Amino acid sequence: MSNPKYIIVVVVAVVASIAAWFTFFAKESAPDFSAYAAGPDRKAAFFEYFTPIILDINRELAADRQQIQSACDAGETGTLDKFLTKFRIDDTDLEQDTACNILLRRADIVPASLAIAQAANESAWGTSRFAKQGNNFFGQWCFTKGCGIVPKSRDANKSHEVADFRSPADSVESYMLNLNTHDAYKPLRNIRQSLRKKGEAVTGVALSYGLGKYSERGDEYGKELREMISFNKLSSLDKLALNEAD
């Protein structure tokens, strides 16, 4: 007769093995950008890989925005519940403004030039430890033990980890949701809303002025991003994104 304890141990081992497979082997990774010579070759590979991902996620955001706008125009606010959840709007938010106003500030694109500049800046053009091991291209943190990668230089009194993503696309999606929902980036969303109201293009350069809290470098961080956008002629990607996502 089979030993029940032995069977339980075997089942646990099998489940653990399957979980490990999904964690490590089912993970989708970006190209090894360090295999490209630093400079134009590496940058070209980086742009070629990330631009389609960013445009795809912006298309989804643009589609969400269109549905929200249509529902608001028709007075069908009861259909907005799924978007309130997606864009992390709670009762406290709704005490201060209408669901439509908040959603239309949050459900919007992140210019490709800004997303690529930040990804390059935060991941050292895809060569950082966190980019290679955790598909984290934007320096995003998480705060549950085991949720990501522990920084080697983390202060003893800190408990954050650098988030680990299943794919680079997941990293991009999380980054965009962060900009669209976190209180720290209200200035960015307000700039974007102002541009929309004036009928002007939503650009990476314009939105970079709303990222003072993204980095400890404050306003200098935004200045650095603008220089990266200018030097690498990334603004042309915003026109492409606008044509395809709006």
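Student: How many residues does helix α11 have, and how far does it reach?

Tutor: Helix α11 (residues 219-231) has 13 residues and reaches 19 Å from its first C-alpha to its last. That is close to the 18 Å expected at 1.5 Å a residue. The expected span is 1.5 Å times one less than the number of residues. Helices are DSSP runs of H or I, at least four residues, and strands are runs of E, at least two, numbered from the N terminus.

Tutor: This is a predicted model: local features need pLDDT of at least 70, side-chain atom pairs count only at pLDDT 80 or more, and totals for chains, interfaces and linings use all residues. Residues are numbered from 1 along each chain as its sequence is written, and side-chain values use heavy atoms, without hydrogens and water.

Student: Which residues of α11 are buried?

Tutor: Tyr-221, Gly-222, Leu-225, Arg-226, Met-228 and Ile-229. Buried means under 20% relative accessible area, exposed over 50%, partly exposed in between (1.4 Å probe, protein chains only).

Student: Why are they on the same side of α11?

Tutor: Because they cover an arc of only 160 degrees around the axis. The arc is that of the directions from the helix axis to the C-beta atoms.

Student: What does the face turned away carry?

Tutor: The exposed residues Asp-219, Ser-230 and Phe-231.

Student: And what follows α11?

Tutor: Lys-233, with a positive phi near 55 degrees.
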